[in-house]
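Colleague: Could you walk me through this one before I set anything up?

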Amino acid sequence: VVSTQSTGSGKMERDGSNVSILHSVGRCGSTLLTSMVSKTRQCRVLSEPKALMDVVNILTGKERAITRDAVEYYDLVKETFILLTLDQNRKYFIKTHSQIIYLLPIVHQVLPGMKESYMHRAMRPTMTSMLRAFSGMGPVWLMEKMFIPQMPKNLQKLWVENRVKEFSHATIMMTLANFYLYLNETKDRNDIKSFSYESLLADRTSFCRSFFQEIGIDMEHVELALSAMNKDSQKNSVISKDKTGANKIEVSDEALEWGKRLGLELGIEMEGQDYRISNIQHAWDS
């Protein structure tokens, strides 16, 4: 699907108006929300398509940053989305891996009709969930080798200057990069509404109605969609609730304070015991 050579399909008259995409910070309920959308059978659901991760790996490996004016990247990004959503008469819902956030500055440039939304969660429960799910899967140096080089240069520099060789700190840095890219993109855009896991738990019906309104699913499907909350959306994976729930590891206050300090340098503000991002843009709140 993915090629570094443009075939010209990036110039096709497609604006993405039949496609909704959910960006997310990871471990924030995005898989659950995707299961809710899938329950309605109103969209073809694509969950973390590998082709998009391939594009991220290609473009973050280049010297040129992924910015709105990186026109040389436009065709590759647009072609990939078109190949994933070939049927123009069908609605698509794409749930992305958290690393796909690096394509955010370009998505709207090449497919301005695509409906974009963002799912997030407070830093403490996000980090605790990540530690329980992934901390035993590999050494910190491997995370650094894979993920830190994908970040914008100023974030790479911030990590080098403040590096702590712990899984929790590396994961916090990756999450800060995600929030940073969302906040940057929404400085002059109001068409990417953000949804928090906390708001979903507070009022699931209102949350679902608002999200479905964003992506164009009729309200008659809300009750059916909510039935997905009765099951573990990760049941058959290595990060199921049963498996992660048995792990009692918690992120430390020291790591969270470290992340809060770095976040302030990036314009990311946190508050409360859960370290909720308080300056998130265009947030839906029940």
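Surface patch and ring pairs

Modeller: Bear in mind that this is a predicted model. W141, L142 and M146 make a nonpolar surface patch of about 310 Å².

Colleague: Where does M146 lie?

Modeller: M146 lies in helix 6, which covers residues 140-147, and with a relative accessible area of 46% the residue is partly exposed.

Colleague: Okay, on to the rings: how many aromatic pairs are there?

Modeller: The count comes to eight aromatic pairs. One of them is formed by Y118 and F179, an edge-to-face pair with 6.4 Å from centre to centre and 75° between the planes.

Colleague: Which parts does the pair of Y118 and F179 tie together?

Modeller: Y118 belongs to strand 4 (residues 115-120) and F179 to helix 8 (residues 167-185), so the pair ties together parts that are 61 residues apart in sequence.

Colleague: And are Y118 and F179 buried or exposed?

Modeller: Both Y118 and F179 are buried.

Colleague: What about F195 and F207, why is that pair edge-to-face?

Modeller: The ring planes of F195 and F207 stand at 70°, and over 60 degrees counts as edge-to-face, so the pair, with its centres 5.4 Å apart, falls in that class. F195 lies in strand 5 (residues 193-196) and F207 in helix 10 (residues 204-215), so here the parts tied together are 12 residues apart in sequence. F195 is buried, and F207 is buried as well.

Terms used
Residues numbered from 1 in each chain as written. Predicted model: local features only at pLDDT ≥ 70, side-chain atom pairs only at ≥ 80, totals over all residues. Heavy atoms only, no water. Phe/Tyr/Trp six-rings, centres within 6.5 Å; stacked < 30°, edge-to-face > 60°. Helix = DSSP H or I, 4+ residues; strand = E, 2+ residues; numbered from the N terminus. Buried < 20%, exposed > 50% of the residue type's maximum accessible area, 1.4 Å probe, protein only. Patch = residues over 30% accessible without salt bridge, like charges linked within 9 Å, V, L, I, M, F, W, Y side chains within 5 Å. Areas by Shrake-Rupley, 256 points an atom, 1.4 Å probe, with all protein chains shown as cover. Salt bridge = Lys/Arg side-chain N within 4 Å of Asp/Glu carboxyl O.
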